[in-house]
Structures are given as C-alpha cells and as structure tokens.
Amino acid sequence: SEPIEIEDRLESLICRVGEKSTSSLESNLEGLAGVLEADLPNYKSKILRILCAVARLLPEKLTVYTTLVGLLNARNYNFGGEFVEAMIRQLKETLKNNLYSEAVYLVRFLSDLVNCHVIAAPSMVAMFENFVSVTQEEDVPQVRSDWFVYVVLSCLPWVGKELYEKKDVEMDRLLSQIEGYLKRRVKTHVPMLQVWTADKPHPQEEYLDCLWAQIQKLKKDRWQERHILRPYIAFDSVLCEALQHNLPPFTPPGHMPDAQYPMPRVIFRVFDYTDAPEGPVMPGSHSVERFVIEENLHCIIKTHWKERKTCAAQLLSYPGKNKIPLNYHIVEVIFGELFQLPSPPHIDVMYTTLLIELCKLQPGSLPQVLAQATEMLYMRLDTMNTTCIDRLINWFSHHLSNFQFRWSWDDWSDCLTVDLEKPKPKFVKEVLEKCMRLSYHQRIVDIVPPTFSALIPADPIFTYKYPDESACKTARHFVFFNAIKNRASNEEILTVLKEVPNPNQEDDDDEGESFNPLKIDVFLQTLLNLAAKSFSHSFSALGKFHEILKTLANSDEGKLHLLKVLYEVWRNHPQMIAVLVDKLIRTQVVDCAAVANWLFSQDMAHEFTRLFIWEILHSTIRKMNKHVQKIQKELEEAKDKLEKQQHKRDMDKNSEDEEGQLEEQIERLQEKVESAQSEQKNLFLVIFQRFIMLLTEHLVRCETGSVDISTPWYKNGIERLQQIFLMHHATIQQYMGTLENLLFTAELDHHILAVYQQFCALQL
C-alpha cells in the first residue's frame, strides 16, 4: 500500500499547485519539480500520466503546469521527450474519440511549452501549418476546417510572440491562409445562433470572426498581452539552458463520416467598459485580454460545474482579479453559457445555483451586477431570441424564489402600457407564472404591485364545465360521481358509459364504433374533479381507470377530444396540464402525434405563444426520442449477444436453440425499431406541417392586407420553429431527405425556408 500512498500524494501535490498558498507560486513550483525529479526513477509512468491528465482537464492552470514540465525537462531531458511523446499520443486519442474541447487544451499546452523551452518553435509552426492545411481539403464539412483554424488562433495569445520572433515569415503566411479561409466561409447559420436579432448596442459576432479580430489587434500591438499568468519568466535563466525537443510530424486525422465536430457559436456580449463605472476598466470586445479572461472563466466552470461552492470560490479567486472588473466578466460568461444555442454546455439549473452561490460569497457587490445585467436583458427583450427568453424566465423565477421574490417591479411598469402580447409583458407574466409554481397564488398577488393585476396568473383551480348546464348531463355526472366514489369496477363503469347517447350519431343508427365526445366529457371531468386535490390524486385516478380511458380514446378524434377536455378543466393550471399530458403519453392513452395535433389545433390557438405549450411539445418529442433510443439499444444488445453465442457454438451444442430464440427476438426488435422510427418521423412531419400551415396563413394574410409581417406572434412562431430544429437537431438530421422532399421544398415561402437553410448550414 505504500507505493499507492506515494502515488496519491504525488497526484494531490500536482493537482493543488497554483492554488492559494503562504509561499510564492515560484517557490512551490521549484519545490514540486525537486520532489518529482527525485521520484522519477520509481514513479515515472504515474507522473507522466498525471501531467498529461492535468494538461487536458485543468486548462485554467495551463501556464503553471507548462512551467513545471519546463523545470523537469531542464533537469531531465529524457523525461521531457517522453512527456512530449505522451502528449502527442493523447492528442491523437482525443481526436479519434471526438473530444474536441480537450484536444484544444492539449494543443494549447504544447504551444505554451515553446515558451518554456521544451519544444522547438519551428516544429510548433510546422504543426500549425498542418492544421491550417485542413482548410484546403475538399468535400469536408466546414465545421471541421473551423475547428483546426480555431485551435491555431486560440493558441496565439500564449505563444504568438515567441513564434513570430523565431519564424515571422512562416507565421505571416499562416495568418494570410487563415484570413483567406475566413473570407470564403459560409455564414448562413449565424442568425439561428444569435441571442439578439439587433447588433446594437453589441454586435453578435460569430466566434471565429471575433477571435480573428482579437488576434489582428494583438498582432498590431506587437503580440503584447497583459493578462496571462506566466510563471516561467521567473525561471528564464534555468529554462533557456535546457535542450529543446522537436514535435514529431503530426498529420491531422482524416475526416470520418461519424465525426462530431463542435458546432459554431456566437459570442455573447452584454457589458462593455461603460457599464462598469468604478474600478478597473473592462477590456474591449476585440482585445485579446477579453478572450483570455473569458476562456479561463469557461475553463473553471467546465472543471468545477458539479460542485457549485467550489466553482463559485474558484471563479472569485481568479488570478489577476484586481486588474479587471471580475464580477462583470463572471456574470457575462455565465449568461453567455446559459443562452448558448442550440444548448448550454451544462444543465440550466447549474447556472442558477452557481449565481446564488456567488451572491452569497460576494453579497456586497455581485447582486448589484446581476441586477444590472437582468435590467439590461429586460430592456433588450424585444430583439431577444425566444429560446433565450425561455431560459431567462426559468432562471429569473428560480433565482427570485431563493431571495423571497424581492424585486423592484415598479421599475418595469413600462410593460403595462403596451400590447400584452409584446415580449416585455409576456416575459413578466411567464415569470410570475413560474414563481407561482415555486410558491402559491396568494404569495404572488402579495408581492406584485396592484397595477400589475393584468399579468398575475389565474388562481390554479379546477374549472368544472357543467355547473349549470342541462339537468340530464348533471344527472349523468352524479351517476359517475357515485360510481367512482363507491369504487365501482371498470366493468360497471363501462356499463354506465354504454347508456350515454352519442351526439355524433343519428337516432336510428346502431351503437357503432364512432367516437362519442359526451362519454369522454362526462367521465373525464368527473374523474379529474374528484382527483383535483393534488398531482398524486390525479396520477392515481388516471392509473386506476387507465383501461377505460384507453377504450374511450381509441380513435384519433377520441385522443384529441380527451386532451381538449383535460385543457378545459385545468386551463388555469398549466403545470397540471403538463404533468397529466406527460402521464397520458407514458401510459399510452394518447400518442405523441395526438399531443402535437392538439397543441396546434384551433382550440389552442389563443395559447400558441404561451411557454407551457412549448414545454409540453419538447417534452413529448424527448419522450418519443428516448423510446426509439431504448429499443435501438435493446436491438444492439441482442445482436451482441447473438455474436457471442455464435463464438460459443463450436464448444456447446445446446447453444443452437438459444441462437434460434435470439434470432427471433432480433427480428421482433427490428420491427419495433422500424415502427418506432416511422412514428418518430411522423411526429416531426406533423409538427413541421402544422408550423408551415400556420406561418404561411399569417404571411398570406399580411400580404393581401398589405400589413407588416413582423408581429409579436410571427416572431414567436418563426423562432419556435428554429427552436424545434435546434433542440432536436441530432434526431431531425436522420429525416432531412424526407423533410426536403415533402415539406421544405423550393415553392415554400422564403421566410420559412430560410430557417431550414440555416439549420442545414449548421453542420456543413
């Protein structure tokens, strides 16, 4: 156990260097290099493994570890060579496994080793040249070339100066190749990824264009940057004596059809230097310092996101924090991640808990910056992407619930003087609706000024449809009421249901199979009314009478009517509607396509722009996707099992029976997968078809009436269409051919077709 203890101690020492300490970083590094050098004879492979891991997983301490490797290389040349070889092996492995963000950190680490005299500058330039040569490849996706160009540009803040001093002609050639590539890039995808449609007050720049502008400015400033911590400068006299290694020739691996390159991004900006009036000035959006600070803060979040307390503490103890308005940078980076399209790097709720933690650690300064950012986001709601507004609503309501729902609502009274369909009143209404879910109705009434009454959500109570309708329906309601109360069996209830006349049927018809809306009306309302006390009561009621509900909703019309009745009785309680629809899909009373048809139906048109509608639709799509994935996984497992059986066959004669059973099982699963995929494709066809119909109707109406098309409803509709494409892009890509042939044809209105073309451009 002693060697294991020593290995754990080495790991702890390496991982903790660079953290707060009573001694200076330089003396800690020198001490650690001495310890590691002494342990090299016995623990070399372990030390190599730990150093390669921290290079990949702790990028925020990059220069600390490159300095450590530099000191070890100066003391033991062979170890330096082995480390470089191990890093190249690891780089090849990460690229093979589609781990592109980790690969960026490895290349950046190698480039910084040039500053520590471990790697010779010409061999680093040669590696960069190979990377940039990818832009000359034919028939490869643009996202592949983008990634290799990004890697080279993102290393230059660290190593540009050193490479220019040694290889200026080659570097100029490299940068002009990159410039040529950036000029011919296709940028159709950009509008789909922007948080705002307006470029004022901050341009919404595509990530490569922004980084290129930052590198251009850095070059103009003679590669002088003032923010990267460079501990190796203190050891220059030792390091410059060290022998350097040449990187082995590195050819980027060829393009594979299953490669998953990172998606393009748009750089999020909410602050500039005028927003942080006191203290240090915020670097401009095209200064390389802005890139370095944001990159390091993203790295800290990526490393510690599962531990909110550690993450908040690490962000606030960022090195060089006295030279920058750190709180502004942190808030901007967190919102940048939260609003990243198509999806944030981590789950949404992580950002809420992280901001709460930061407010606790810096109660005197951070809440003010966060309030300022919230105010700015509110002011810019008119041009904000609908998907980002959804995330802002969820974050803000959750945040308020942790601070007694305190907010200066009167400052937002401007939302009361405009059309309630516009983004600002809609935002406040949805926030209050979400706040109510996290508390209760009266609490919301108490915290909001009386002037806001139009935006306060309705009391979430059950609405009974027949309180004063004709006596025959009411009498029938009592029959069911008593039957359910007295725990009648399913058979007894079905007998009572048979007596309900069908308004869709002529008197002289036999009792056929045609759908009977009255049965669903009377039975479902009575059942939900009796179970209205809580979610649990409603769940158990749907579970208990599952068979009856399936019988009543056995046709498409029946399913639609059942959902319509559910909405009518719970229209004031969107959360109840969402969870009950979810339950009905899980228990297969209704299917996913029925839910989509109901949400797009005329009955729900007045709710089309409400957030809960889209939450239900996305949840329905996710359920369908999970269902397909589950059966596909079962099929893969059965195939693997059969393969193993065939290997065993020669040794064991009994396995033939098992093989036969497995082959039958595979055949059944194959059919299930095909049927599930066809259902999945049909769901997307239904959704896109309904979108196209609604949006086309609007566009034609505006054209014939010579009215401007850009209404709040249209902005919401077109951006919800974008949202479906973005949130489910991996699944939709499988059905692109069908969508193009059937729906997104050249004859379609160009406003709608543009959304499809932007989506296609994302993976070009």
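A crossing is left-handed if the near helix is turned anticlockwise from the far one by less than a right angle, and right-handed if clockwise. Helices (H or I, at least four residues) and strands (E, at least two) are DSSP runs, numbered from the N terminus. The model is predicted: local features need pLDDT of at least 70, side-chain atom pairs count only at pLDDT 80 or more, and totals for chains, interfaces and linings use all residues. Residues are numbered from 1 along each chain as its sequence is written, and side-chain values use heavy atoms, with hydrogens and water left out.

Helix α3 (residues 62–75) packs against helix α5 (residues 100–115) at an angle of about 55°, and their axes are 9 Å apart. That makes α3 oblique to α5, as angles under 35 degrees count as roughly parallel, over 145 as roughly antiparallel, 65 to 115 as roughly perpendicular and the rest as oblique. Axes are lines fitted to C-alpha atoms, for helices over the stretch in contact, and angles run from 0 to 180 degrees between N-to-C directions. The crossing of α3 and α5 is right-handed. On the α3 side the contact (heavy atoms within 4.5 Å) is made by L62, T63, Y65, T66 and V69, and on the α5 side by R108, F109, D112 and L113.

Next come the open spaces. On a 1 Å grid over the protein atoms alone, a cavity is a set of points where a 1.4 Å probe fits but cannot get out, and a pocket is an open set with protein on both sides within 12 Å along at least five of seven lines; lining residues have an atom within 4 Å of a point. Grid points are joined across faces, edges and corners, and a volume is the space filled by probe spheres set on the points.

The largest pocket has a volume of about 1,500 Å³. Its lining has 47 residues, with S101, P262, M263, R265 and Q340 nearest the centre. Helix α5 is among the elements that give two or more residues to this lining, while α12 gives the most, six residues.

The second largest pocket has a volume of about 1,200 Å³. Of its 42 lining residues, D348, N394, H618, R622 and M727 are the closest to the centre. Helix α28 supplies the largest share, 12 residues.

There are three cavities of 30 Å³ or more. The largest cavity holds about 220 Å³ of space, and α30 gives the largest share of its lining, five residues.
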